[in-house]
Amino acid sequence: MAAAPVPEGAPVEPHDSNSSAESLDRLYPTVGSTKPPRKRTTSQCKSEPPLLRTSKRTIYTAGRPPWYNEHGTQSKEAFVIGLGGGSASGKTTVATMIIEALDVPWVVLLSMDSFYKVLTKQQQEQAASNDFNFDHPDAFDFDLIIATLKKLKQGKSVKIPIYDFTTHSRKKEWKTLYGANVIIFEGIMAFADKELLKLLDLKIFVDTDSDIRLVRRLRRDISERGRDIEGVIKQYNKFVKPAFDQYIQPTMRLADIVVPRGSGNTVAIDLIVQHVHSQLEERKLRWDMAALASAHQCHPLPQTLSVLKSTPQVRGMHTIIRNKETSRDEFIFYSKRLMRLLIEHALSLLPFQSCTVQTPQGHDYEGRTYSGKQITGVSILRAGETMEPALRAVCKDVRIGTILIQTNCNTGEPELHYLRLPKDISEDHVILMDCTVSTGAAAMMAVRVLLDHDVPEDKIFLLSLLMAEMGVHSVAYAFPRVKIITTAVDKKVNDLFRIIPGIGNFGDRYFGTDAPPDWSDDEDALST
């Protein structure tokens, strides 16, 4: 896309000086004068239909991108928008407006302000007296920025430093950010590095009048960062304005879109949103469940699958809970019995080691003891939480986490909406609980979340009362070291991906709620 000011009218030309261009050679590629002039992108003409503005809600999610293929790998990279511009030009406000107008899940905002370098003691003293230049490229940790953005673009979780502007230092704690459909990266030096530029799919420069930027900076630094007016003005004149002229304004020529007046330019926001929507549509991020079902037909069940022995007692309980005439009380009672047996069976597959204890009679007993660090249960809401009491009954002091995954009714894609996991679970054996697994889409996303929290794949146990062969194959193919444990496996799913013969909508039968007409076994817990 060619650089263009928006809206229609006279183009806004970037500042151009030989000295500025020379100082930028090492940072980003210069734009030679021999290249043909770029076409100017303007707002929509009046004959085109207007853009529909969606509900004004901010969507900052700790989510997982939904486009993983049957191999368990990401099929598409995230779309990254770079937002550059001077200090207090309104970049964050523009980013928020884009997020609100996009109205799609899985948008994350990454600020360059989080990546200021750790200052030395001398630099700390300079910063305290407003004598340190925070508007110079050397003030930022570009290596960490690039590594972080690469991981986010690949759909991986990252740790983001938290910068304290009152003390000019990084805090001890870091925050976790997850991959997304769209990543918005904003900062004054967003275009000031060659490697960083390669990661940006769309580059936007927010161009705001210098007087407005100064007023905003005064207001922000005094009210939010505890500065005095003299110090702010001193820093602005000594560092901020010269840095803008030398390092920031020249990068306007690298932008695909220039937004004059910043957040006041709603036409530009609409244009950007339309372009991002078209890019997401071109990527066709959809689950092809029919192809998955066809691919897994006639394949033998994986060795990582363990099915509870179908004794007359187990088959009798299945008969009761599968019967559509069974009352809710009986459904709950016999489901709980099956859950208890399933949990006990899963625990028998955990690693144990030999140990010797002394009995009250003074004799040695050669026994076995669990050799892992700890057991943590994670339920996929809402149906998965019904298995928590059975786990608590047999595991003393077990920790419990929850994951809420819902299927988008328009796209059919699983989406992560809520996550609460115990700290430091990377060395635990994790019991991942869901009551029915049809396609395996929700289970695969839940496993991805655990892997993002450094839980080893071979320490994840996926437990379900009932699974379809399709779901078993999908999970096993994507995660060959995850142990899959269930009480029964049904062979088929119908066109709506409901397990056949199945058990019905477990969550609605257990909680006494009504199922929607388009429910799926994987997401029986997701309709409220």
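**Strands and helices in a predicted model**

Hi everyone, let's begin with strand S11, residues 375–381, which is mostly covered, since 7 of its 7 residues are buried. Buried here means under 20% relative accessible area; exposed means over 50%, and partly exposed lies in between, using a 1.4 Å probe and protein chains only. The strands and helices I name are DSSP runs, numbered from the N terminus: helices are H or I with at least four residues, strands are E with at least two.

Two notes on the model. It is predicted, so to speak of local features we need pLDDT of at least 70, side-chain atom pairs count only at pLDDT 80 or more, and totals for chains, interfaces and linings use all residues. Residues are numbered from 1 along each chain as its sequence is written, and side-chain values use heavy atoms, with hydrogens and water left out.

Back to S11. In a regular strand the side chains alternate between the two faces of the sheet. Here Ile 375, Gly 377, Ser 379 and Leu 381 point one way, Thr 376, Val 378 and Ile 380 point the other way, and all are buried. Ile 375, for instance, stands opposite His 429. Two strands pair, by the way, if DSSP finds at least two bridges between them.

Now look at strand S1, residues 79–85. How many of its residues are buried? The count is 7 of the 7, so S1 is largely enclosed by the rest of the structure. Phe 79, Ile 81, Leu 83 and Gly 85 are buried on one side, and Val 80, Gly 82 and Gly 84 on the other. S1 pairs in the parallel sense with strand S5, residues 182–186, over 5 bridges, and Gly 82 stands opposite Phe 185 there. With strand S6, residues 202–207, S1 also pairs in the parallel sense over 5 bridges; Gly 84 stands opposite Phe 205.

Next, an open sheet of 3 strands, in the order S15-S17-S19, with parallel pairing. Strands S15 (436–437) and S19 (489–490) stand at the edges with a single partner strand each, so one side of each has no neighbour in the sheet. Helix H14, residues 469–478, packs on this sheet and touches S15, S17 and S19, where contact means heavy atoms within 4.5 Å. Its direction makes about 80° with that of S17.

Finally, helix H10, residues 312–322. Which of its residues are buried? They are Val 314, Met 317, His 318 and Ile 321.

The axes of H10 and H11 (residues 328–347) come within 9 Å and cross at roughly 145°. Axes are lines fitted to C-alpha atoms, for helices over the stretch in contact, and angles run from 0 to 180 degrees between N-to-C directions. Among the residues making this contact are Met 317 and Ile 320 of H10 and Phe 331 and Leu 338 of H11.
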